[in-house]
Amino acid sequence: MLNKILRCGVDGRIFLAIQSLYTATEACIKLPGGIRSDWFETLFGVRQGDNLSPTLFSVFINDLATDIKELNSGVETPDGTLSLLLYADDIVFLAPTEKSLHVMLDGMAKWSDKWGIGVNPVKSKVVHFRKKGVQQTSQNFKCGDIKLKIVNTYKYLGIVFSEHLSYEDNAVTLSQAGGRALGSIISKYKTQGYMGFSTYTKLYNSCITPILDYSACVWGFSKYDCIEGIQNRAIRVFLGVHKFAPKLGLEGDIGWMSCHNRHLINVLRLWNRLLKLPNNRLTKKIFINDFYLGQNGHKNWCYNVLGLLSNINLESSFYEQEQIDIEMIREKLMTMQEEKWLHLVSKKPKLRTYKLFKDKLCVEKYVLYNLSASERSAMAQFRFGVLPLNIETGRFKNQPIEERICNLCDLNEIEDEFHFLFRCTLYNDNRKVWMENIVERDENFVQLDEICRMKIIFDKYHRCTAKVINRNLKLRKQNLSK
């Protein structure tokens with residue numbers, strides 16, 4: 001290492017200072033409970049945790065890049081041959097053929113022997129990237145005496161690359177990591193007993209979104225249900241509804257942008273950054289080459305950007321290589337999300353009541369305000385049509401709708417949300433207190449039809465409505481158990 005530092009032109013006092021740092025270097029092992037081992041001399045590697053260590057390692061390994069590049073065995077780019085990618089001690093060789101990879105691995109083995117650096121036999125793998133239908137290579141690859149295993153997928157810098165360049169495995173990996181992080185937040189949420197919407201949203205956006213959106217600027221063109229499922233789970237927990245609650249209701253009442261649309265925004269952010277890069281950068285040269293290929297129909301990253309911009313009527317921005325207004329895109333995508341959501345809600349039988357009063361994709365007041373967890377849960381279940389009323393439970397018994405009659409009163413009506421809240425005689429006492437509370441503030445309320453009443457209570461009287469739903473549910477359970 002000191003030899004390489006001198007070869008880089010670092011000498012004088014700076015060199016002597018570095019040399020002194022690595023003279024008689026010692027270390028110890030710290031165990032849980034503050035127990036430490038005896039100090040022992042360390043003869044290899046840079047100092048753990050030292051600010052200078054990453055720079056020293058980069059200096060040490062830099063000539064590997066030079067040696068491999070001189071082999072001229074990498075893939076062709078608009079700026080010449082690209083042989084390897086280096087990030088700290090993670091190294092990727094890029095080879096167009098088996099023969100080229102053999103040459104580079106031999107070069108790596110020679111460099112390792114010369115400088116006393118070993119190759120990790122567990123983490124070092126080979127992936128044969130190819131189109132579907134093309135047979136995987138049957139050759140054996142070795143770096144010195146180490147045989148490298150050929151695998152279908154490999155994780156590099158947190159991204160899972162698959163042999164056919166599909167990002168399904170990457171999406172599954174990210175969703176699993178996001179699920180673990182969400183589990184930690186849910187644990188804190190339940191332990192604390194209460195958490196407001198703004199706090200919960202901030203935690204989600206700070207701890208979960210970065211995981212689910214990691215590197216989405218590259219792979220975010222497709223929608224992945226496993227990733228959307230993590231966001232839906234987070235919403236279900238906060239609203240206090242079970243897994244059979246309709247996803248459209250979750251999306252409508254929480255008002256969050258879908259994961260897929262967030263990913264599309266990340267794609268366009270990368271587009272903007274690439275346009276700003278100086279033309280002499282390798283990344284910019286590859287982007288320009290990708291752009292012209294995509295423009296001519298090759299299904300690459302730029303081709304997908306063209307499709308995205310065409311869907312939002314900004315196709316001209318692609319051809320003119322214009323910067324994209326991200327906030328404008330956010331508004332467009334939310335508008336499109338709302339239009340699709342409204343269309344799907346209109347066709348969802350379980351949301352028979354919901355679609356009568358909900359016509360906008362936005363966070364609801366009962367979600368925003370200080371309702372208790374049980375009150376928020378009761379309100380959400382009522383709105384989504386998943387309260388344990390006969391209109392819902394009859395589905396599991398294959399009962400025709402006309403036979404799902406309320407058996408707690410003599411009105412001989414279907415036990416749906418309107419019957420439960422406005423008409424069933426079992427709840428007359430609860431309803432009287434509730435109505436008096438509302439009429440004190442709105443004397444015209446009793447003159448309205450039930451649909452108009454439903455709209456008003458969700459807009460203005462969500463707290464007292466949540467309370468009466470809870471009381472009615474409790475009374476219903478007591479009567480059914482007799």
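Predicted model: local features only at pLDDT ≥ 70, side-chain atom pairs only at ≥ 80, totals over all residues.

Residues are numbered from 1 along each chain as its sequence is written, and side-chain values use heavy atoms, leaving out hydrogens and water.

E10 (residues 153-156) and E11 (residues 159-162) run antiparallel and are joined by four bridges; two strands count as paired if DSSP finds at least two bridges between them. Strands here are DSSP runs of E with at least two residues, and helices are runs of H or I with at least four, numbered from the N terminus. Show Thr153 and look across: Ser162 in E11 stands opposite.

Strands E5 (residues 84-87) and E6 (residues 90-93) are antiparallel, with four bridges joining them. They form a hairpin with two residues between them, and Ala88 in the turn has a positive phi of about 55°. Leu84 faces Phe93 in E6.

**Second stop: the rings**

The structure has 24 aromatic pairs. Rings of Phe, Tyr and Trp (its six-membered ring) pair if their centres lie within 6.5 Å; planes under 30 degrees apart are stacked, over 60 edge-to-face, and the rest tilted. Pick Tyr354 and Phe357: their ring centres are 5.8 Å apart and their planes are at 75°, so this pair is edge-to-face. They are three residues apart in helix H16 (residues 354-357), which separates them by about one helical turn.

Buried or exposed, which is Tyr354? Buried, at 0% relative accessibility (buried means under 20% relative accessible area, exposed over 50%, partly exposed in between, with a 1.4 Å probe and protein chains only). Phe357 is buried too, at 12%.

Next, select Phe382 and Phe458, a tilted pair with centres 6.0 Å apart and 55° between the planes. Phe382 belongs to helix H18 (residues 373-384) and Phe458 to helix H22 (residues 450-460), so the pair links distant parts of the chain, 76 residues apart. Phe382 is buried at 0%, and Phe458 is buried at 4%.

To see a whole cluster linked by ring pairs, show Trp341, Tyr354, Phe357, Phe382, Phe384, Phe420, Tyr427 and Phe458.

**Last stop: a charge over a ring**

Finally, select Lys4 and Trp115: Lys4 lies over the face of Trp115, at 3.9 Å from the ring centre. A charge sits over a ring if NZ of Lys or CZ of Arg is within 6 Å of the ring centre and within 35 degrees of the ring normal.
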